[in-house]
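Me: I have a model open and would like to go through its main features. Can you take my questions one by one?

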Amino acid sequence: MSSPRRSYPLFELIRARLLEIAREPEAIFWVFFFPIGMALALGFAFRDKAPEPVSVGITGRAQTSVLREALTRSALLKPQVFSSIEEGRAALRVGKIALLVENGSPIVYWYDPTRPDSRLAKFEVDQALQGAAGRKDPVAVRDELVREKGSRYIDFLLPGLLGLNLLSTSVWGISYSIVNARLKKTLKLMTATPMRRSDYLLAQMLSRFALLALEAAVIVVFGLLVFQVPLRGSFSAFVLLCAVCGLSFTGLGLLCGSRVQTIEGVNGLINLILVPMWLFSGVFFSPDRFPKALHGPIQALPLTAANDALRAVMLEGRGLSTLAPQIAVLAVWGIISYAIALKIFRWQ
């Protein structure tokens, strides 16, 4: 008989928190409209289209017109002539061109090898010039162009945006709610009730978790309808994975707001936790770009585990049984965060 009475405050707190969120238009914007706007902007910016020609410069002595004619035949190159080597190098230095070709004997390529567009330009220019000089390829080849759903940038991006949004809205929403209630003395009033700390913290987690479920559904349906982003894994596996991600991230939100007394303090703590994950966890590009010494710590971040698991289910069709390392990382972060938050939480 005592169990229903004990759970009643939890349900009432969840209901109150959901009503509070519904009255916050800025929360609705950041939860639903911001990730959709990001997906639209980046999805159209990196949509399927022919590659833009790379600008290359030409300078040097005689036969520049012949050189320009040879480079013009390549659809991937956009040649322009400079009157002097100094002018051409100045354009290269400020990024107006990706490669400078100095016409002479031999022909000299000026470029920065750390720039991918410069390396591509050097390859295309060399192909065009060697072909114009009569080089014949000894091996016959042909191209088979493939545009497979799942290999585009938007396919990589959408699971990352989903993970980022689940993390950000969990941490910001929960921690700000707790600190704001503490500032308004609402938490102090709750100390006069028989409600336990665990009831209050669980209500914060579960109310935000209900919103996260709707948020994930909106983002995924938007990606399917607008960009045809695939969902190759089972729907149940995807739902369970989002649930694990949400519970893990809401634990971090509780931890941020459990002790902080001011908005400025919680803002700094949130940024300290979130900014490294925004940069390193593979939202907009693969974390493999970072030095190998950082790969271990990056893989231990909860957002990295979430993004890797979401992409595995959506793009590769993998089941949860193959994602044990990622799920373990998320579970450890969620359990430890909640346990510490419960221990250090203060009503005032």
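Me: What is the strand order in the open sheet, and what kind of pairing does it have?
Reply: The order is E2-E1-E3-E4, an open sheet of 4 strands with mixed pairing. Strands here are DSSP runs of at least two residues (E), helices are DSSP runs of at least four (H or I), and both are numbered from the N terminus. Two strands pair if DSSP finds at least two bridges between them. This is a predicted model, where local features need pLDDT of at least 70, side-chain atom pairs count only at pLDDT 80 or more, and totals for chains, interfaces and linings use all residues. Residues are numbered from 1 along each chain as its sequence is written, and side-chain values use heavy atoms, with hydrogens and water left out.

Me: Which are the edge strands?
Reply: E2 and E4, each of which pairs on one side only.

Me: How are neighbouring strands turned against each other?
Reply: By 25° on average, direction ignored. The angle is taken between axes, which are lines fitted to C-alpha atoms (for helices over the stretch in contact), and angles run from 0 to 180 degrees between N-to-C directions.

Me: Which way do E1 and E2 run, parallel or antiparallel?
Reply: Parallel: 5 bridges join E1 to strand E2, residues 77-81. Val-54 stands opposite Leu-77 in E2.

Me: And how many bridges join E1 to E3?
Reply: There are 5 bridges to E3 (residues 99-103), and these strands run parallel. In this pairing Val-56 is opposite Leu-99 and Ile-58 is opposite Val-101.

Me: How many residues of E1 are buried?
Reply: In E1 (residues 54-60), 6 of the 7 residues are buried, so the strand is mostly covered. Buried means under 20% relative accessible area, exposed means over 50%, and partly exposed is in between (1.4 Å probe, protein chains only).

Me: Why is E3 described as largely enclosed?
Reply: Because 4 of the 5 residues of E3 are buried, the rest of the structure largely encloses the strand.

Me: What joins E3 to E4?
Reply: E4 (residues 108-110) runs antiparallel to E3, with 3 bridges between them. Leu-100 stands opposite Trp-110 in E4. The two strands form a hairpin with 4 residues between them.

Me: Which peptide bond is cis?
Reply: The bond from Ser-105 to Pro-106 is cis, with omega near 5°. Pro-106 lies in the loop between E3 and E4. Most residues other than glycine have a negative phi, and most peptide bonds are trans.

Me: New topic. How many aromatic pairs does the structure hold?
Reply: It holds 4 aromatic pairs. Rings of Phe, Tyr and Trp (its six-membered ring) pair if their centres lie within 6.5 Å; planes under 30 degrees apart count as stacked, over 60 as edge-to-face and the rest as tilted. One of the pairs is Phe-280 with Phe-290, whose centres are 4.8 Å apart and whose planes are at 55°, so this pair is tilted.

Me: Which parts does that pair tie together?
Reply: Phe-280 lies in helix H10 (residues 263-280) and Phe-290 in the loop between H10 and helix H11 (295-299), so the pair ties together parts that are 10 residues apart in sequence. Phe-285 and Phe-290 also form a tilted pair, 5.9 Å centre to centre with 45° between the planes.

Me: What lies over the face of Phe-156?
Reply: Arg-311 does, at 3.7 Å from the ring centre. A charge sits over a ring if NZ of Lys or CZ of Arg is within 6 Å of the ring centre and within 35 degrees of the ring normal.
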